[in-house]
Amino acid sequence: MNTVGYLEGESFELPMPDDFHVHFRQGGAMASYVQRHAASFGRAMAMPNTLPPLIDGPSIESYRSEILAALPRGSGFQALMTFKILPGMDKKAVQACAAAGVVAGKYYPSGATTHAGDGPRSFRQVEEVLEAMEALDLVLSIHGEAPQASTFDREKAFLPSLESLILRHPRLRIVLEHLSSAEAVSFVAGGPETLGATITAHHLLFTLDDMMGGNLDPHLFCKPVIKTEKDRRALLDVVFSGSRKFFFGSDSAPHERAVKEKAKAPGGVYSAPTALPALVSLFEKEGRLDVLPGFLSAFGADFYRLPRTSGRLRLVKKAWEVPQEMDGVVPMCANTRILWSLEPQ
Ligand code: NCD
Ligand code: ZN
């Protein structure tokens, strides 16, 4: 890889990227979301905030089959499964999810985001689940926002409860999802080896000014909310540091265009179609293409103790206009020009 910069028409290869956080949804549009994902990623971890949620062997297995059924013949794409941690779950329920092949359990604080009204109110409320996960060596994936705090402070306000959780469960591997603030970056960087984090493309690319500095752009509205330039810089700097604790999770979360463009628009950025080309453009501009293979294709697999993906993905420096709508959704970077394209596989 040339780390200085590329000319129009030049290309390079990455080991097939992983995405450790995606929402594939359900129903009619799901197949196109999955196919779109498989064009960019070799493997992706499917979030369990479906309706009804993924909470037992049958729901996990049938969701995995639906994902795989959407793939084109011969696709090597792999779906990593998760279950949703709910109050009242016991050790047996966790063992059943483990037997269905999950790699992680997802903790959504009650009311923190889309379809999280049924989540626990504290870690204490699901202590039996956490003990079982620690014993089974399942990763705890966390939406780290305290819903009772003010929007902008929710991630920071969540950190003290995470700190005591880590002390109570020193062997439990934990991923703090979609980091958005400088405080969370320092917390994870200073935490034990058992603590890692995912970072999205949109939190690396945008700030609050992009979302609402001019007219409101509901398509950049997500949980946790995109923050300031200082926060964005802290995220970029920690990725540039090459720390193995931080890896890519797109949090691609499509909501139909009509739903996003009316009052009470839900959070979620549909980044799957543009995340990789947009990240390559950003990292090229920053002169740091060298850190991309670790961030996209190695550190997450190592944290989850999974084999690295096989295969490669070629990116070409060929500009394209991102359409206003893809799969019925307005994608990240819609109506803008991205300098890099994916070479079709
Ligand atoms: C996600 C969704 O829509 O499912 N929304 C979001 O704003 N990121 C849920 C989540 O990960 O918070
Ligand atoms: Zn998410």
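Where does ligand 1 sit?

## Ligand site

Ligand 1 sits in the largest cavity of this predicted model. A molecule counts as sitting in a cavity if more than half of its atoms lie within 2 Å of the grid points. A cavity is a set of points on a 1 Å grid over the protein atoms alone, where a 1.4 Å probe fits but cannot get out; lining residues have an atom within 4 Å of a point.

Around ligand 1 there are 15 residues, with Arg25, Thr113, Lys223, Asp251 and His255 nearest. Being near takes a heavy atom within 4 Å. The shell holds 2 nonpolar, 10 polar and 3 charged residues. Here Ala, Val, Leu, Ile, Met, Phe, Trp, Tyr, Cys and Pro are nonpolar, Asp, Glu, Lys and Arg are charged, and the others, Gly among them, are polar.

## Polar pairs and burial

Gly268 uses a backbone N or O atom, 3.1 Å from a ligand oxygen. Ligand 1 alone exposes 310 Å², and the protein buries 100% of that. Areas are Shrake-Rupley values with a 1.4 Å probe.

## Cavities

The count is 2 cavities of 30 Å³ or more.

Helix α9 (residues 229-240) gives the most, with 3 residues. Helices (H or I, at least four residues) and strands (E, at least two) are DSSP runs, numbered from the N terminus. The classes split into 3 nonpolar, 3 polar and 3 charged.

## Backbone exceptions

Most residues other than glycine have a negative phi, and most peptide bonds are trans. The bond from Lys223 to Pro224 is cis, with omega near -15°. Pro224 is in the loop between α8 (208-212) and α9. The bond from Leu51 to Pro52 is also cis, with omega near -10°. His115 is not a glycine, yet has a positive phi of about 55°.

## Conventions

Residues are numbered from 1 along each chain as its sequence is written, chains are lettered from A and ligands numbered from 1 in written order, and side-chain values use heavy atoms, without hydrogens and water. In this predicted model local features need pLDDT of at least 70, side-chain atom pairs count only at pLDDT 80 or more, and totals for chains, interfaces and linings use all residues.

Technical notes:
On a 1 Å grid over the protein atoms alone, a cavity is a set of points where a 1.4 Å probe fits but cannot get out, and a pocket is an open set with protein on both sides within 12 Å along at least five of seven lines; lining residues have an atom within 4 Å of a point. Grid points are joined across faces, edges and corners, and a volume is the space filled by probe spheres set on the points. A polar contact is a pair of N or O atoms within 3.5 Å; within protein, one must be able to donate a hydrogen and the other to accept it, and residues adjacent in sequence count only if both atoms are side-chain atoms.
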